[in-house]
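Here are my notebook entries from a first look around this structure. Come along and follow them on the model.

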Amino acid sequence: MNGTRFVVIKFRELVKTIVFAILGVIIIIGLIYFFLPKEEETAVYRPGTYYSQFTLHGETAEVEIVVDKNNIKSVSLTDMPETISVFYPLVETTAKEVGKEIVKQQSTAIDISQNTYTAQLILDAVEKGLAEATK
């Protein structure tokens with residue numbers, strides 16, 4: 001028995017060591033998962049072109065909203081009766097300005113201090129179109 005040694009391990013100590021080792025591994029995995037950067041979870045919009053209408057004194061005009069998964073690409077007037085453009089010549093200009101600002105801000109929460117009535121009609125139509133894009 002020159003080189004032979006016996007190691008006495010108590011079963012209770014062995015079980016405690018295994019349990020604490022497993023708990024330690026679970027905690028480390030949980031911390032790694034918690035602190036890893038998350039991928040972008042979901043898209044904001046369904047990509048496509050959406051149309052919405054607004055009425056200005058009995059005449060209906062149409063707004064086109066183009067979106068991709070996460071951005072508003074463009075907002076423009078597409079179908080506007082001639083009577084609106086004749087009687088309300090600032091509608092087209094206001095629509096272009098509002099559209100540019102919505103695309104720039106990526107939101108309908110924009111400042112509409114000029115042409116507030118027309119701009120609000122266009123904003124409401126855009127909000128309806130974006131609501132359709134998020135369904």
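This is a predicted model: local features need pLDDT of at least 70, side-chain atom pairs count only at pLDDT 80 or more; totals for chains, interfaces and linings use all residues.

**Entry on the strands.** I began with strand E1 (residues 48-56) and strand E2 (residues 59-67), which pair in the antiparallel sense over nine bridges. For me, strands are DSSP runs of E with at least two residues, helices are runs of H or I with at least four, and both are numbered from the N terminus. Two strands pair if DSSP finds at least two bridges between them. I looked up Tyr 51 and found its bridge partner in E2, Glu 64. E1 and E2 form a hairpin with two residues between them, and His 57 in the turn has a positive phi of about 50°.

Residues are numbered from 1 along each chain as its sequence is written, and side-chain values use heavy atoms, without hydrogens or water.

**Entry on the core.** Of its 26 residues, Phe 54, Ile 65, Val 67, Ile 72, Ile 102 and Val 126 touch the most other members. H4 gives the most to this core, with eight residues.

**Entry on Val 126.** I found Val 126 in helix H4 (residues 116-134). Is Val 126 buried or exposed? Val 126 has a relative accessible area of 0%, so it is buried (under 20%; exposed is over 50%, partly exposed in between, with a 1.4 Å probe and protein chains only). Leaving out residues up to four places away in sequence, Val 126 touches Val 63, Ile 65, Val 75, Ile 102 and Thr 108, contact being heavy atoms within 4.5 Å.

How values were computed:
A nonpolar core is a set of buried Ala, Val, Leu, Ile, Met, Phe, Trp, Tyr and Cys residues joined through side-chain atoms within 4.5 Å.
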